[in-house]
Amino acid sequence: MIISVNSKIIKIISVLLSVFIILYVITQAVSFFYSPYETETVFETTINNSIQTSGLVIRDETVIDQKKQGVLSYQIPNGSKVSKNSVIAMRYATEQDMLTQSKIESITKEIDVLTEAQRKGATIGATLDSITTQLNETYLQLMGDLNNNALDDLEDYKLNIQELISKKHIVIGKQTDYNTKIASLQAEQKELKSSIQSKPTSVTAENSGYFAQTVDGYEKQFRCADADSVSIDTLNQLVAQKKEVDSNKGEDTYIGKLIDSFEWKLVALVNKTDITSIKVGSSVRLIFHAYGDTEYEATVDSVDFNKDREQNTVVLSCNVMDNNITRMRIEDVEIAKSSVTGIKVPKKAVRYENDELGVYEKIRQKLYFRKIDKLYETDDYIISKIHEDDGDHEYVHQYDDVVIKGKDLYDKKPVG
């Protein structure tokens, strides 16, 4: 009986001890990981004073009077300048012939890459560190282009990376040369050439200009000289029909078109509360977010304003031509009148110390007060001027971890 009672007591003590140990571990973990100070990293940003609207892109352009026949392989990208009688595309009898020719050209580029990679002059001064640095830089540039939806140079990136990796293999001794690989590629190329059924014919430009594949049916309807006469009703009708209209309704019929000049116009709708801030002759930046974040410098040609109208129009001109511009017609656009660049600080991080506006940065186990040099302010954030030469870190910097939640804050305060 005594043994039974002692056994129960031991079990109870064991349970209580286990609970105590668990609670102790939890308490220690909470004290280790929990901080009463919540932080947020701040970054450099650019804020635009902008108008969000829609507009009509007008170019002086002529549809190439040749209908699509056979299978076309375009030789130049959209937006490229072409001269009269220059080759725009190659016409093949079958799709298989076109794919075979494309493979032949790809092999030629690969042979060129391997030949350059094994050339003594290309590798004699190369080191593993220098090649690795070039690879890293190329990867970063590629990632930047991908983030900006700039995809025109992907083939160039591929070949550049392949060449660097091939050089690297020679430098580290993994390869002595690529002669065997080159010979194999040349044999494959010869076999492919013999399989093409008929030689392709060339399609040439009838006049000089900027080439575009996209044909949308509006080429004859709008000209730059007539931009001022485009009415508000016409713009609203085009915008309303945008989702219903086939934006490439001529692309399956015609080879493409030639744009006469790099100059083009945008006729945009602007409400009466915004239009008073747009002045003829002023410069603005146009951002078509559906095509990435590229900014196009433009000049305000004219402003059609009537105080009794809710909507008005502005005509802007730009002299930059590229792949995206050739494809635009009825577009949503941001008209940036001005901008400010600085460190974006959330309002919930803003504090005052000795009547100075600033934030508290948490570095390891200590808080430090950093001043704000205010450039711009909204209800949610403040843009602080960038102080690149601030050696004493007096002002808030990019990547600072600023306190957005916490009590009893002061400079150089130790925190657990």
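Biologist: Which residue in β13 is the bridge partner of aspartate 304?

Modeller: Threonine 313 is the bridge partner of aspartate 304. Bear in mind that this is a predicted model.

Biologist: What makes β12 and β13 a pair?

Modeller: Two strands count as paired if there are at least two bridges between them. β12 and strand β13 (residues 311-318) have five bridges, so they pass that cut-off. The sense is antiparallel, and the two strands form a hairpin with six residues between them.

Biologist: And how do you know that β11 pairs with β12?

Modeller: By the bridge count again: strand β11 (residues 283-287) and strand β12 (residues 295-304) share five bridges, in the antiparallel sense. At least two are needed, so the pairing holds. One of the contacts to look up is valine 284, whose bridge partner in β12 is alanine 298.

Biologist: How many bridges join β5 to β8?

Modeller: Two bridges join β5 to strand β8 (residues 209-212), and the strands run antiparallel. The rule asks for at least two, so this counts as a pair. Here, valine 82 stands opposite glycine 209 in β8.

Biologist: Which sheet is that part of?

Modeller: An open sheet of four strands, in the order β3-β9-β8-β5, with antiparallel pairing. β3 (61-63) and β5 (81-82) stand at the edges because each has a single partner strand, which leaves one side of each without a neighbour in the sheet.

Biologist: Over to the loop between α4 and α5, where aspartate 152 sits. Why is aspartate 152 called exposed?

Modeller: Its relative accessibility is 60%, and exposed means over 50%, so aspartate 152 qualifies.

Biologist: Which residues form the negative surface patch?

Modeller: Asp152, Asp153, Glu155 and Asp156.

Biologist: Which residues form the nonpolar patch on the surface?

Modeller: Met143, Leu146, Leu151 and Leu154, with about 330 Å² of accessible area together.

Biologist: What makes leucine 154 partly exposed?

Modeller: Leucine 154 lies in helix α5 and has 36% relative accessibility. That is again between 20% and 50%, so leucine 154 counts as partly exposed. A patch member needs over 30%, and 36% clears that too.

Conventions: Residues are numbered from 1 along each chain as its sequence is written. This is a predicted model: local features need pLDDT of at least 70, side-chain atom pairs count only at pLDDT 80 or more; totals for chains, interfaces and linings use all residues. Side-chain values use heavy atoms; hydrogens and water are left out. Patches are made of residues with over 30% relative accessible area and no salt bridge: like charges are joined within 9 Å, nonpolar side chains (Val, Leu, Ile, Met, Phe, Trp, Tyr) within 5 Å. Accessible areas come from the Shrake-Rupley method with a 1.4 Å probe; for residues, only the protein chains shown count as cover. A salt bridge is a side-chain nitrogen of Lys or Arg within 4 Å of a carboxyl oxygen of Asp or Glu. Lys and Arg count as positive and Asp and Glu as negative; His and the chain ends are not counted. The place of a charge is taken as NZ of Lys, CZ of Arg, CG of Asp or CD of Glu. Buried means under 20% relative accessible area, exposed over 50%, partly exposed in between (1.4 Å probe, protein chains only).
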